[in-house]
Amino acid sequence: MEERNMTVINEDYKLECINIYDVDFIETDKRKIIYFIGEKKYYQITTKSELDQFLYDEGFESLDRPNLVNLSKIRKFDEELGKVYFVEKPNDKSTFATVAKIKYKFVANIIKRIISHNNNTNTVVKAENEKVKNKLWRYLRQ
């Protein structure tokens, strides 16, 4: 039988992969799904806010309400349409994620710097505030 892995939250509140075939039984408690393997419990990730928490340190950022974007994959930012693309020269069939208008001021400079880093070009963009600066340098140090 081949493995069927899934990402869950372990008892130490860290992400972990388990093989579904190793699960002894599954239970629900207050609408939370719990997987039991031996004496250990693993919890299903059920909300975007849980993903936000866990994937922030992995370089994902919520640029708009419905999305989490892997910053290392962004290659182009269309400020006019509020879209980030994952290829340098997008066309009408290119995949994109939206950027909330309210976040433009916060993310525009950081996205430009990340794109420069991702595309190995040399664009200097100044961070406007400490929060942006910290996020930028944290990402670029990875």
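## A chat about strands and salt bridges

Visitor: Hi! Which way do strands β1 and β2 run, and how many bridges join them?
Guide: Strand β1 (residues 5-9) and strand β2 (residues 15-19) run antiparallel, and five bridges join them. Keep in mind as we go that this is a predicted model.

Visitor: Thanks. Which residue in β2 stands opposite N5?
Guide: That would be N19.

Visitor: And what sits between the two strands of that hairpin?
Guide: The hairpin of β1 and β2 has five residues between its strands. Among them is Y13, which takes a positive phi near 60°.

Visitor: New topic! How many salt bridges does the structure hold?
Guide: Three salt bridges. One of them pairs R4 with E2, with 3.7 Å between the closest N and O atoms.

Visitor: Are those two buried or exposed?
Guide: E2 is exposed, with a relative accessible area of 55%. R4 counts as partly exposed, because its relative accessibility is 45%.

Visitor: What does K32 pair with?
Guide: The side chain of K32 meets that of E50 in a salt bridge, at 2.3 Å from N to O. K32 lies in strand β4 (residues 32-37) and E50 in helix α1 (residues 48-55), so this pair ties together parts that are 18 residues apart in sequence.

Visitor: Is E50 buried or exposed? And why?
Guide: E50 is buried, because its relative accessible area is 10%, and buried means under 20%.

Visitor: Okay, which residue does K48 meet in a salt bridge?
Guide: K48 meets D52, with 3.3 Å from N to O. Both residues lie in helix α1, four residues apart, about one turn of the helix.

Visitor: How accessible are K48 and D52?
Guide: K48 counts as partly exposed at 28% relative accessibility. D52 also counts as partly exposed, at 24%.

Visitor: Back to strands, then. In what order do β8, β9 and β10 come in their sheet?
Guide: The three strands form an open sheet in the order β8-β9-β10, with antiparallel pairing. The edge strands are β8 (76-78) and β10 (96-98), each pairing on one side only. From one strand to the next, the twist averages 25°.

Visitor: How many bridges are there between β9 and β10?
Guide: Strand β9 (residues 83-85) pairs with β10 over three bridges, in the antiparallel sense.

Visitor: Last one: which residue in β10 is the bridge partner of V84?
Guide: A97 is the bridge partner of V84.

How values were computed: Residues numbered from 1 in each chain as written. Predicted model: local features only at pLDDT ≥ 70, side-chain atom pairs only at ≥ 80, totals over all residues. Heavy atoms only, no water. Salt bridge = Lys/Arg side-chain N within 4 Å of Asp/Glu carboxyl O. Buried < 20%, exposed > 50% of the residue type's maximum accessible area, 1.4 Å probe, protein only. Pairing = 2+ DSSP bridges. Axes fitted to C-alpha atoms, helices over the stretch in contact; angles between N-to-C directions.
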